[in-house]
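Hello,

Please have it open while you read.

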Amino acid sequence: MGQVERAEVKLDGGSTTEPGDCHLCSLVKGREFKPVDIMPGGSILIVRESPTSAFVRFTAGSVEPAHHHTFGHDLVVLKGSKRVWNLSKGEKYDLGVGDYLFTPAGDVHRVKYFEDTDFFIKWEGQWDLLLDEDHAAANAAIDKEMEN
């Protein structure tokens, strides 16, 4: 399993026990998330462009098939849990609240969401997402991995 940096997510009063009070999360209140059409169960809210930052939500059980980007991206999990397989490096990361992960440009990665999950993500440039497999292949690979 790859190494994950754990960042403390600061909430009101410095506590990390009340996720509803997350200062960063307050940026999304009253704003509309847009569905990510090629990723069922996913939605995104872009809050700034170039460098771009966004909040992303996925429902429990959602899968991101193997894909890559022309940019690297940094993310911090705000709610929920997920597993990221970096197929380019042969590593996997189990991420929960407060975990940070950087994925370099061009690295092929696949994701499985174990519960409703929100995360903050930042990247340089315009958004792109280049699929390297379809949903059926992703689900088959994940099912095989979870059996072992």
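**Strand β7 and its partners**

Strand β7, residues 82–86, pairs with β8 in the antiparallel sense over five bridges. Two strands count as paired if DSSP finds at least two bridges between them. Helices (H or I, at least four residues) and strands (E, at least two) are DSSP runs, numbered from the N terminus.

Before going further, please keep in mind that this is a predicted model: local features need pLDDT of at least 70, side-chain atom pairs count only at pLDDT 80 or more, and totals for chains, interfaces and linings use all residues. Residues are numbered from 1 along each chain as its sequence is written, and side-chain values use heavy atoms, with hydrogens and water left out.

How much of β7 is buried? Five of its five residues are, where buried means under 20% relative accessible area, exposed means over 50%, and partly exposed lies in between (1.4 Å probe, protein chains only). Both faces are covered, with K82, V84 and N86 on one side and R83 and W85 on the other. In a regular strand the side chains alternate between the two faces of the sheet.

**The sheet and the helix**

These strands belong to an open sheet of five, with the order β8-β7-β10-β5-β12 and antiparallel pairing. Its edge strands are β8 (91–95) and β12 (130–131), each of which pairs on one side only. Helix α1 (residues 135–147) packs on the sheet and touches β5 (63–68), β7, β8 and β10 (109–113). Touching is a matter of contact, which means heavy atoms within 4.5 Å. The direction of α1 makes about 110 degrees with that of β5; axes are lines fitted to C-alpha atoms, for helices over the stretch in contact, and angles run from 0 to 180 degrees between N-to-C directions.

The helix α1 has 13 residues and reaches 18 Å from its first C-alpha to its last, close to the 18 Å expected at 1.5 Å a residue. That expected span is 1.5 Å times one less than the number of residues. At the start of α1, a side-chain oxygen of D134 comes to within 3.3 Å of the backbone nitrogen of A136.

**Two serines in loops**

S88 sits in the loop between β7 and β8 and is partly exposed, with a relative accessible area of 44%. Which residues does S88 contact, leaving aside its neighbours within four places in sequence? They are G106, D107 and V108. A polar atom of the S88 side chain lies 2.8 Å from the backbone nitrogen of V108. S88 and G106 are 18 residues apart in sequence and 8.5 Å apart in space, C-alpha to C-alpha.

S50 is in the loop between β3 and β4, and its relative accessibility of 49% makes it partly exposed. S50 has a positive phi of about 55 degrees although it is not a glycine. A cis peptide bond, with omega about 0 degrees, joins S50 to P51, and P51 is found in the loop between β3 (42–48) and β4 (52–58).

**A buried histidine**

H73 is part of strand β6 (residues 73–79) and is buried, with a relative accessible area of 4%. Its side chain makes a polar contact with the side chain of H109, at 3.4 Å. A polar contact is a pair of N or O atoms within 3.5 Å; within protein, one must be able to donate a hydrogen and the other to accept it, and residues adjacent in sequence count only if both atoms are side-chain atoms. Leaving aside neighbours within four places in sequence, H73 is in contact with several residues, including L101, F102, I121 and W123.

**The chain overall**

The chain has one helix and 12 strands, and along the sequence the pattern is β-β-β-β-β-β-β-β-β-β-β-β-α. Buried residues make up 45% of its 148 residues. Among contacts between residues at least 6 apart in sequence, 67% join residues at least 24 apart.

Best wishes
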